[in-house]
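Subject: Structure handover

Hello,

Please find the structure below, with the sequence. My notes on what was found follow it.

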Amino acid sequence: MASGDTLAVFTPLSVSFPASNYATPDLRNNHPTLDFDGSTDEEAYFEGVMPSNYGGGSVVVDIYAGFSSATSGSVRFQTDFERVASGGTDLDADSFTGSMQSAGGTANGTSGILSKVSITHTAGAQMDSVAAGEPFRLLVRRDADGTSGTDDIATDAEVYRVVIREA
């Protein structure tokens, strides 16, 4: 694969949830969305298999989000990888890297128009060493309390797509 090539695309319909503080499934004009609260850090998990033609380098996670009503302000998202290697991962416990990566974005001036937040993970530890052909989970969190950077939008962030691509 080449720089910028898409590796995975996730929608709100391909999500699983933690036991607590999870994003809420919703619809906006019949578009499925995950609502991430503006005052509480909430999470969602996406499961996939890294394509066999993945080149082994860094990846970028693009989060396409709108807001329930905000037309200004900053949002902060975090992502983390969990390798689900055959014979090596105990599914009875989470094994994310603990190396959350984060990035911020701004609300579009028109409610209903999406903004993109891009988060880079370098190959290796930041990706839990996920290799081509291996299953993985991607954790997506809204950092609503702003511990990793400014998040001053009080309304829900509505996530419509999560795309992983080669850096």
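I start with the cavity. Its lining consists of Gly66, Phe67, Ala70, Asn108, Thr110, Ser111, Gly112 and Ile113, and this is the lining of the largest cavity. Please keep in mind throughout that this is a predicted model. The volume of the largest cavity is about 30 Å³, and the structure holds one cavity of 30 Å³ or more. Sorted by class, the residues that line the largest cavity are three nonpolar and five polar, with no charged ones.

Thr71 belongs with this part of the description. It is located in the loop between β6 and β7. Once neighbours within four places in sequence are set aside, the contacts of Thr71 are Ala107, Asn108, Gly109, Thr110 and Ser111. Asn108, Thr110 and Ser111 are also among the residues lining the largest cavity. Thr71 and Gly109 are 38 residues apart along the chain, and their C-alpha atoms are separated by 4.5 Å. Is Thr71 buried or partly exposed? With a relative accessible area of 39%, Thr71 is partly exposed, because that value falls between the 20% and 50% limits.

Next, the sheet. Five strands form an open sheet in the order β2-β5-β10-β7-β8, and the pairing is antiparallel. The edges are β2 (15-16) and β8 (101-106); each has a single partner strand, so one side of each has no neighbour in the sheet.

Going through some of the pairs:

- β2 and β5 run antiparallel and are joined by two bridges. Ser16 is found opposite Tyr45 in β5.
- β5 and β10 run antiparallel and are joined by eight bridges. Here Tyr45 is found opposite Leu139 in β10.
- β7 and β10 run antiparallel and are joined by seven bridges. Gln78 has Arg141 in β10 as its bridge partner.

Tyr64 has Lys116 in β9 as its bridge partner. The two faces of β9 are as follows: Ser115, Val117, Ile119 and His121 make up the covered face, while Lys116, Ser118 and Thr120 make up the uncovered one. In soluble globular proteins, nonpolar side chains tend to be buried together. Here the largest nonpolar core has 33 residues, and Phe36, Phe77, Phe81 and Ile164 are those with the most contacts inside it. At least two residues of this core come from each of β1 (6-10), β4 (31-36), β5 (42-49), β6 (59-67), β7 (74-83), β9 (115-121), β10 (135-142) and β11 (157-166). Which strand supplies the largest share of this core? That strand is β6, with five residues.

Met50 is located in the loop between β5 and β6. Its relative accessible area is 1%, so Met50 is buried. Apart from neighbours within four places in sequence, Met50 is in contact with Leu7, Met127, Val130, Ala131, Ala132, Gly133, Glu134 and Phe136. Pro12 is 38 residues from Met50 in sequence, and the two are 19 Å apart in space, C-alpha to C-alpha.

Lastly, two backbone angles to look at in the viewer. Asn29 is not a glycine, yet it has a positive phi of about 50°. It is in the loop between β3 (24-28) and β4, and with a relative accessible area of 68% Asn29 is exposed. Asp128 also has a positive phi, near 55°, and is likewise a residue other than glycine. Asp128 is in the loop between β9 and β10.

Regards

Methods:
Residues numbered from 1 in each chain as written. Predicted model: local features only at pLDDT ≥ 70, side-chain atom pairs only at ≥ 80, totals over all residues. Heavy atoms only, no water. Core = buried A, V, L, I, M, F, W, Y, C linked by side-chain atoms within 4.5 Å. Buried < 20%, exposed > 50% of the residue type's maximum accessible area, 1.4 Å probe, protein only. Helix = DSSP H or I, 4+ residues; strand = E, 2+ residues; numbered from the N terminus. 1 Å grid on protein atoms, 1.4 Å probe; cavity = no way out; pocket = protein on both sides within 12 Å on 5 of 7 lines; lining within 4 Å. Points joined across faces, edges and corners; volume = space filled by probe spheres on them. Nonpolar A, V, L, I, M, F, W, Y, C, P; charged D, E, K, R; others polar. Contact = heavy atoms within 4.5 Å. Pairing = 2+ DSSP bridges.
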